[in-house]
2 protein chains.
Amino acid sequence: MTVNDTNKLRYGGENMSRRDVSKIIGGAILGSAMAGGESASAQQSNTNNPVAPSYSKLTVAMLAFPNMTPLDLVAPHMAFAGLMNTDIHIVWKEPGIIKGEPQLSVLADTSFADCPKDIDVLFVPGGLDGVWELLNDNEVLDFISDRASRAKFITSVCTGALILGSAGLLQGYKATTYWAFKDLLPKFGAIPVNERVVIDRNRITGGGITAGLDFGLEIIRRLRSDDFAKVAQLAIEYDPHPPFHSGSPETAEPQTLAIARQMIAPQLSAATTAVNIAQKRMTTK
Amino acid sequence: MTVNDTNKLRYGGENMSRRDVSKIIGGAILGSAMAGGESASAQQSNTNNPVAPSYSKLTVAMLAFPNMTPLDLVAPHMAFAGLMNTDIHIVWKEPGIIKGEPQLSVLADTSFADCPKDIDVLFVPGGLDGVWELLNDNEVLDFISDRASRAKFITSVCTGALILGSAGLLQGYKATTYWAFKDLLPKFGAIPVNERVVIDRNRITGGGITAGLDFGLEIIRRLRSDDFAKVAQLAIEYDPHPPFHSGSPETAEPQTLAIARQMIAPQLSAATTAVNIAQKRMTTK
């Protein structure tokens with residue numbers, strides 16, 4: 001047996017050098033978008049290594065839209081890319097540059113028309129004005145309803161849940177959204193739950209903005225495994241040390257909460273108007 | 001006094017309707033990039049409201065580069081935008097679409113040549129291959145050195161610290177970086193510290209990837225105030241609930257750490273090679 005042979009590991013019947021395996025596992029968990037190519041050759045079962053490339057390919061469609069909150073999209077994207085062997089589409093009406101709010105632009109690489117019909121995960125990020133606008137945008141709601149009808153998981157972070165709700169996808173489901181807008185969920189027949197990530201059958205909704213990280217790891221647990229998610233958590237060094245206990249209305253100081261509520265009031269008003277219009281549309285349909 | 005008058009609040013001598021104030025505060029903390037315009041008119045002192053727009057304008061330059069980790073940039077961007085009254089530039093050699101790793105593209109809106117000469121904050125995100133490549137890219141290192149020479153704060157998240165190091169900016173400074181690459185810091189004369197965010201004089205470095213959130217709030221504390229940062233933390237709902245205690249080498253299970261180390265080994269090797277070349281360049285200069 002040569003040194004080269006010794007370095008070979010048997011992966012579900014295929015020989016592959018340790019270096020190749022490391023590259024595949026490391027690259028993917030650390031976020032390489034390794035759709036097809038190397039990963040495809042590694043879709044073999046393996047019981048020795050919990051993060052071995054032994055999983056079938058997953059197709060993920062992530063909605064991007066004008067004035068979305070970039071972090072709502074980018075944190076879950078890191079998790080989806082870390083699932084390994086994924087085909088991730090950033091979708092909008094047409095491909096192109098999407099200006100976020102706060103202003104940071106990302107690229108939508110797939111049009112609604114070109115997005116695969118059958119997807120494993122549908123994901124919708126949130127925002128403020130950008131979301132209220134979509135709550136009554138038929139082209140968007142039709143696209144979401146169609147892909148959701150066959151998706152294994154229907155998911156959101158932040159106010160993306162309101163878009164799912166307006167597409168009629170949260171009727172009778174427990175769900176969460178950004179803290180300031182949680183009371184709007186029942187207008188879509190959803191049951192608001194005070195948790196960071198809420199899982200009800202195949203609906204997975206995360207709280208506001210930064211909840212995308214916890215959401216992402218819960219997705220990895222379910223689509224891969226706990227052991228896989230533990231490595232992913234270490235890979236993204238998710239060892240949070242927030243400076244204050246100010247991240248939720250329940251833990252924030254009264255003055256902090258009062259200022260935040262004052263800040264958000266005009267947005268809550270705009271959201272309520274859009275949700276009411278959507279609710280009327282849904283009940284008269 | 002009319003209803004309209006009653007709705008006016010005195011902000012440092014300027015009249016502004018309550019609605020405008022809410023919009024400015026809310027929009028900015030929640031991340032609106034409100035450079036100039038409305039914010040500029042609100043740069044007045046105010047002692048009643050800890051998040052009032054009473055601060056001078058801040059200019060921030062955030063490096064973006066091919067194969068950077070998108071989340072390294074986007075999480076701190078949310079914080080910088082939340083500083084209010086900021087002028088944020090996403091800078092690269094020339095403006096255009098920057099493909100990240102994992103693959104998600106963001107837009108660099110400012111060239112090195114067009115980036116303001118005097119900035120308040122210089123920020124460098126991290127990555128893997130993309131970073132090793134920059135460690136010996138003179139055009140990038142010259143740009144960073146120049147802006148750093150006048151910046152109030154010189155900052156990074158993840159392996160961005162190695163780029164700062166290679167530009168000679170961490171010599172004699174305490175710093176941190178992604179856990180797997182921490183041992184490389186002394187090659188640039190930096191003193192590695194095992195903390196989520198390390199602050200030494202005007203150098204602020206964050207740990208790997210997700211540390212960008214903690215880093216961002218520490219920046220807000222220093223550039224604005226603790227009260228301001230508390231509202232910002234609530235605004236981004238930063239109330240982390242990671243599913244495991246697996247986010248650092250110290251807390252991860254031995255098997256998790258072993259797999260992660262195996263995954264990262266080829267990258268550590270590539271990084272070490274690039275750092276050694278940089279070190280030689282620096283000592284012979």
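Student: What should I keep in mind about numbering and confidence before I start?
Tutor: Residues are numbered from 1 along each chain as its sequence is written, while chains are lettered from A and ligands numbered from 1 in the order in which they are written. The model is predicted, so to speak with care: local features need pLDDT of at least 70, side-chain atom pairs count only at pLDDT 80 or more, and totals for chains, interfaces and linings use all residues; side-chain values use heavy atoms, with hydrogens and water left out.

Student: Which peptide bond is cis in chain A, and where is its proline?
Tutor: Omega is the angle to read, and for the bond joining Glu101(A) and Pro102(A) omega is about 10°, which is cis. Helices (H or I, at least four residues) and strands (E, at least two) are DSSP runs, numbered from the N terminus. In those terms, Pro102(A) sits in the loop between strand E5 (96–99) and strand E6 (105–108) of chain A. Chain B has a cis bond from Glu101(B) to Pro102(B), with omega near 10°, and Pro102(B) is in the loop between strand E5 (96–99) and strand E6 (105–108) of chain B.

Student: Which residues have a positive phi although they are not glycine?
Tutor: Two cases to look at are Asn67(A), with phi of about 70°, and Ile209(B), with phi of about 40°. Asn67(A) lies in the loop between strand E3 (58–63) and helix H4 (70–82) of chain A. Ile209(B) is in the loop between strand E13 (203–206) and helix H8 (211–223) of chain B.

Student: Are those two residues buried or exposed?
Tutor: Buried means under 20% relative accessible area, exposed over 50%, and partly exposed in between (1.4 Å probe, protein chains only). Asn67(A) counts as partly exposed because its relative accessibility is 28%, whereas Ile209(B), at 4%, counts as buried.

Student: What does Asp214(B) touch?
Tutor: Asp214(B) is in helix H8 of chain B and is buried, at 1% relative accessibility. Not counting residues up to four places away in sequence, Asp214(B) touches Pro240(A), His241(A) and Pro242(A) from chain A, along with Arg196(B), Val197(B) and Tyr238(B). A polar contact is a pair of N or O atoms within 3.5 Å; within protein, one must be able to donate a hydrogen and the other to accept it, and residues adjacent in sequence count only if both atoms are side-chain atoms. The side chains of Asp214(B) and Tyr238(B) make such a contact at 2.8 Å.

Student: And what is in contact with Ile219(B)?
Tutor: Ile219(B) is also in helix H8 of chain B, and its 1% relative accessibility makes it buried. Leaving aside neighbours within four places in sequence, Ile219(B) contacts Phe80(B), Leu83(B), Thr155(B), Ile204(B) and Arg224(B).

Student: How many salt bridges are there over all chains?
Tutor: Side chains of opposite charge can pair when their charged atoms come close. A salt bridge is a side-chain nitrogen of Lys or Arg within 4 Å of a carboxyl oxygen of Asp or Glu. A search of the whole structure finds 24. One of them joins Glu218(A) and Arg221(A), with the closest N and O atoms 3.5 Å apart. These two are separated by about one helical turn because they are three residues apart in helix H8 (residues 211–223) of chain A. Glu218(A) is buried at 13%, while Arg221(A) is partly exposed at 24%.

Student: Which residues form a salt-bridge network?
Tutor: Start with a pair in chain B: Asp200(B) and Arg201(B) meet at 3.0 Å, N to O. Asp200(B) counts as buried at 14%, and Arg201(B) as exposed at 54%. As for the network, bridges that share partners join Asp118(A), Asp146(A), Arg147(A) and Arg150(A).

How values were computed. Contact means heavy atoms within 4.5 Å.
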